[in-house]
Amino acid sequence: MPAPALDSPTDATVADERRLQELFDATIAAEHRIEPRDWMPEGYRRTLIRQIAQHAHSEIIGMQPEGDWLLAAPSLRRKAILLAKVQDEAGHGMYLYSAAETLGADRADLTDKLIEGRQKYSSIFNYPTLTFADVGVIGWLVDGAAICNQVPLCRSSYGPYARAMIRVCKEESFHQRQGYELLMTMMRGSDEQRAMVQDAVDRWWWPSLMMFGPPDTDSPNSAQSTAWGIKRHSNDELRQRFVDMTVPQAEFLGVTLPDPDLALDAATGRHRFGPLDWDELKRVISGQGPRNAERIARRRAARDDNAWVTEAATAYAAKRTGHV
Ligand SMILES: [Fe+2]
Ligand SMILES: [Fe+2]
């Protein structure tokens, strides 16, 4: 079929755009990857930048609650494990900022948006780590929830994001195991240690379930993200998967999950669980959580106090490449 006659440059642009959109749609439908130089709709680019930036910010802010225990870890072995884990999270943040840069975002600008409250990060990192058992519970539950969320992202339609997730998920798996191993060790210890583990589980269980985001009925952007192949499962599906995965682990560990409604539904083989406090999630996301102010104040201080390092490194790189 001959191409339709084009009357003006505007028509040409519209036709070009339509062809590019068709190519993009076909790429998504075929489950192929969109790469940085490919044409993409502006909404897709904006959605990905927002999601990847939020993810990167969560990795970086997520270093703080556990970082608080680096100097107080009970043994050299625990300190070495925790240090490696916290450094991994920094690495995850760096991969993700790099992925956002392939979409045209600027890393310093994203950090500014985080500090000014214009971009969010995971609500979970606004809770305090009161005892060393919290380190174990974060590994088990928070990294466990992160794995449920992130494994499907290895098949995300945007190439750099999907590829970054493969390595990130391998490391998250180590994080979850080190947390569980720490908790197993504490559960074999004294009554006081077992009580510390139970107390930490009581405080972290519900916030961990909130990590999957609002219920599907209140998740306005999900449908578009699913159509674009960015999101693969709904928030409620992933939350259910996490509960089903975690209940047998809790039983093996010997702790009680703080939900009187938690029960196995014999008909479906899945666990029913009690209602979540969505008002709490809204409060924490909007900045009213127990540690929001402290997390952002520290991030701001790190940016400002270390600005001279960035300046020196940038000047050195410019000198070496001759772009003085
Ligand atoms: Fe991570
Ligand atoms: Fe992690």
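**Close-ups of a predicted model**

View 1. With a relative accessibility of 42%, Asp304 counts as partly exposed; the cut-offs here are under 20% relative accessible area for buried and over 50% for exposed, with partly exposed in between (1.4 Å probe, protein chains only). This is a predicted model, where local features need pLDDT of at least 70 and side-chain atom pairs count only at pLDDT 80 or more, while totals for chains, interfaces and linings use all residues. Residues are numbered from 1 along each chain as its sequence is written, chains are lettered from A and ligands numbered from 1 in the order in which they are written, and side-chain values use heavy atoms, with hydrogens and water left out. Asp304 and Arg303 meet through their side chains in a salt bridge, 2.9 Å from N to O. For the record, a salt bridge is a side-chain nitrogen of Lys or Arg within 4 Å of a carboxyl oxygen of Asp or Glu.

**View 2. Arg303 also reaches Asp112.** The closest N and O atoms of this salt bridge are 2.7 Å apart. Arg303 sits in helix 12 (residues 292–305) and Asp112 in helix 5, so the pair ties together parts 191 residues apart in sequence. Helices (H or I, at least four residues) and strands (E, at least two) are DSSP runs, numbered from the N terminus. Arg303, at 26% relative accessibility, counts as partly exposed, and Asp112 at 25% gets the label partly exposed too.

View 3. Arg270 forms a salt bridge with Asp244, and their closest N and O atoms are 2.9 Å apart. The pair links distant parts of the chain: Arg270 is in strand 2 (residues 270–272) and Asp244 in helix 10 (residues 235–253), 26 residues apart. Asp244 counts as buried at 16% relative accessibility, whereas Arg270, at 37%, is partly exposed. Elsewhere, salt bridges link Asp68, Arg291, Glu294, Arg295 and Arg298 in a network. Search the whole structure and you get 25 salt bridges.

**View 4. The iron ion (ligand 2) and its donors.** Glu89 (OE), Asp143 (OD), Glu172 (OE) and His175 (ND1) coordinate the iron ion (ligand 2) at 2.0 to 2.2 Å. Donors are N, O and S atoms within 2.8 Å of the metal (3.2 Å for Na, K and Ca), and water is not among the atoms, so sites may look incomplete. Angles among the 4 donor atoms run from 85 to 158°, and the site is irregular: four donors would be tetrahedral with all angles between 85 and 135 degrees, while four count as square planar and six as octahedral if opposite donors are over 155 degrees apart and all others between 65 and 115; anything else is irregular. Glu89 bridges this ion and the iron ion (ligand 1), the two lying 3.4 Å apart. Asp143 and Glu172 are both buried.

**View 5. Trp69 against Phe132.** Ring centres 5.8 Å apart and planes at 75° make this pair edge-to-face. Rings of Phe, Tyr and Trp (its six-membered ring) pair if their centres lie within 6.5 Å; planes under 30 degrees apart are stacked, over 60 edge-to-face, and the rest tilted. Trp69 and Phe132 are both buried. The structure holds 8 aromatic pairs, and ring pairs link Phe24, Trp39, Tyr44 and Trp228 into a cluster.
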